[in-house]
Amino acid sequence: MDQTQLILTIALTISTIFLTIIGIQLILILRETRKLIKKANNIFDSLEKAGLVIHSGFAEVYGFLTGFKTILKLLDFFKKNGKEK
């Protein structure tokens with residue numbers, strides 16, 4: 001075996017070992033990133049549910065106030081009709 005072939009073989013072997021280690025590390029990093037994204041997605045889903053609950057609560061309060069306003073208008077209408085008679 002020639003000296004050049006020996007150096008190329010050693011360089012390719014070392015490069016292959018380093019690339020394999022980097023590939024394994026990349027796979028581990030991507031797995032951790034996937035777990036992190038899943039946790040963040042669960043948090044965002046919880047926040048969305050809480051937002052919907054708050055929104056429905058405001059809608060109920062608005063409905064109550066609108067109904068109360070309508071009742072006041074009806075009472076005012078009946079007062080005016082009672083005074084005219």
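User: Why does Ile-14 count as partly exposed?
Analyst: Its relative accessibility is 41%. Buried means under 20% relative accessible area, exposed means over 50%, and partly exposed is in between (1.4 Å probe, protein chains only). The value of 41% falls in between, so Ile-14 counts as partly exposed.

User: What kind of model is this, and which residues and atoms count?
Analyst: The model is predicted: local features need pLDDT of at least 70 and side-chain atom pairs pLDDT 80 or more, while totals for chains, interfaces and linings use all residues. Residues are numbered from 1 along each chain as its sequence is written, and side-chain values use heavy atoms, without hydrogens and water.

User: Where does Ile-14 lie?
Analyst: Ile-14 is in helix α1, residues 3-84. A helix is a DSSP run of H or I with at least four residues, a strand is a run of E with at least two, and both are numbered from the N terminus. The chain has one helix and zero strands.

User: How do you know whether the chain is spread out or a compact globule?
Analyst: The radius of gyration, taken over C-alpha atoms, is set against the globule rule, 2.2 Å times the number of residues to the power 0.38. For 85 residues the rule gives 12 Å, and the chain has 36 Å, so the chain is more spread out than a compact globule. The C-alpha trace spans about 120 × 15 × 5 Å along its principal axes. Buried residues make up 0% of the chain.

User: What makes Phe-64 and Phe-68 a stacked pair?
Analyst: Rings of Phe, Tyr and Trp (its six-membered ring) pair if their centres lie within 6.5 Å; planes under 30 degrees apart are stacked, over 60 edge-to-face, and the rest tilted. Here the centres are 6.3 Å apart and the planes stand at 20°, so the pair is stacked. The two residues are four apart in helix α1, about one turn. Phe-64 is exposed at 58%, and Phe-68 is partly exposed at 44%.

User: How do you know that Lys-35 forms a salt bridge with Glu-32?
Analyst: A salt bridge needs a side-chain nitrogen of Lys or Arg within 4 Å of a carboxyl oxygen of Asp or Glu. The closest N and O atoms of Lys-35 and Glu-32 are 4.0 Å apart. Because they are three residues apart in helix α1, about one helical turn separates Lys-35 and Glu-32. The structure holds one salt bridge.

User: Why is Ile-17 called partly exposed?
Analyst: Ile-17 has 48% relative accessibility, so it counts as partly exposed. Ile-17 is also in helix α1. Its C-alpha atom is 77 Å from that of Lys-69, 52 residues apart along the chain.
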